[in-house]
Amino acid sequence: MLFLVVEDGTKVITFPRLNWGFVAAASAAVLVFAIAVLLLVNSAHFDEPQTPAPAPPASCEPFCPIPN
């Protein structure tokens with residue numbers, strides 16, 4: 001918002017022109033991001049149980065520490 005005072009002393013309030021191409025591109029980007037998040041969350045399986053971790057090997061070979 002701009003406040004201008006013209007030569008005769010009148011005060012004018014004006015708004016700068018919007019670049020509608022930029023507004024449309026930003027809106028489209030936000031919409032695409034929201035749809036991507038929606039699809040990622042929709043395809044996630046939060047209710048599935050976690051797979052158990054693999055059991056460690058019985059022997060530490062070839063990574064056994066050497067006693068001093």
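pLDDT is the predictor's confidence in each residue, on a scale from 0 to 100. The model described here is predicted, and its mean pLDDT is 83, with 97% of the residues reaching 70 or more. Confidence is lowest in strand S1, where the mean is 75. The highest value belongs to helix H1, formed by residues 20-43, at 93.

The protein contains one helix and two strands, and along the sequence these elements follow the pattern β-β-α. The radius of gyration is 32 Å, whereas the globule rule gives 11 Å for 68 residues, so the protein is more spread out than a compact globule. The C-alpha trace spans about 95 × 40 × 20 Å along the principal axes.

Solvent accessibility was computed for the whole chain. Of the 68 residues, 0% count as buried, the cut-off for this class being a relative accessible area under 20%. The protein exposes about 7100 Å², and carbon and sulfur atoms supply 70% of this area.

The two strands are paired with each other. Strand S1 covers residues 2-5 and strand S2 covers residues 11-14; the two run antiparallel and are joined by four bridges. Among the paired positions, Leu4 has Val12 in S2 as its bridge partner. S1 and S2 form a hairpin in which five residues lie between the strands. Within the turn, Gly9 has a positive phi of about 95 degrees.

Leu2, Leu4, Val6 and Val12 make up the patch, which has an area of about 310 Å². Val6 is located in the loop between S1 and S2. The relative accessible area of Val6 is 41%, which places this residue in the partly exposed class, since that class lies between the limits of 20% and 50%. The C-alpha atoms of Val12 and Leu2 are separated by 8.1 Å, and the two residues are 10 residues apart along the chain.

Terms used: Residues numbered from 1 in each chain as written. Predicted model: local features only at pLDDT ≥ 70, side-chain atom pairs only at ≥ 80, totals over all residues. Heavy atoms only, no water. Pairing = 2+ DSSP bridges. Rg over C-alpha atoms; globule rule 2.2 N^0.38 Å. Buried < 20%, exposed > 50% of the residue type's maximum accessible area, 1.4 Å probe, protein only. Areas by Shrake-Rupley, 256 points an atom, 1.4 Å probe, with all protein chains shown as cover. Patch = residues over 30% accessible without salt bridge, like charges linked within 9 Å, V, L, I, M, F, W, Y side chains within 5 Å. Salt bridge = Lys/Arg side-chain N within 4 Å of Asp/Glu carboxyl O.
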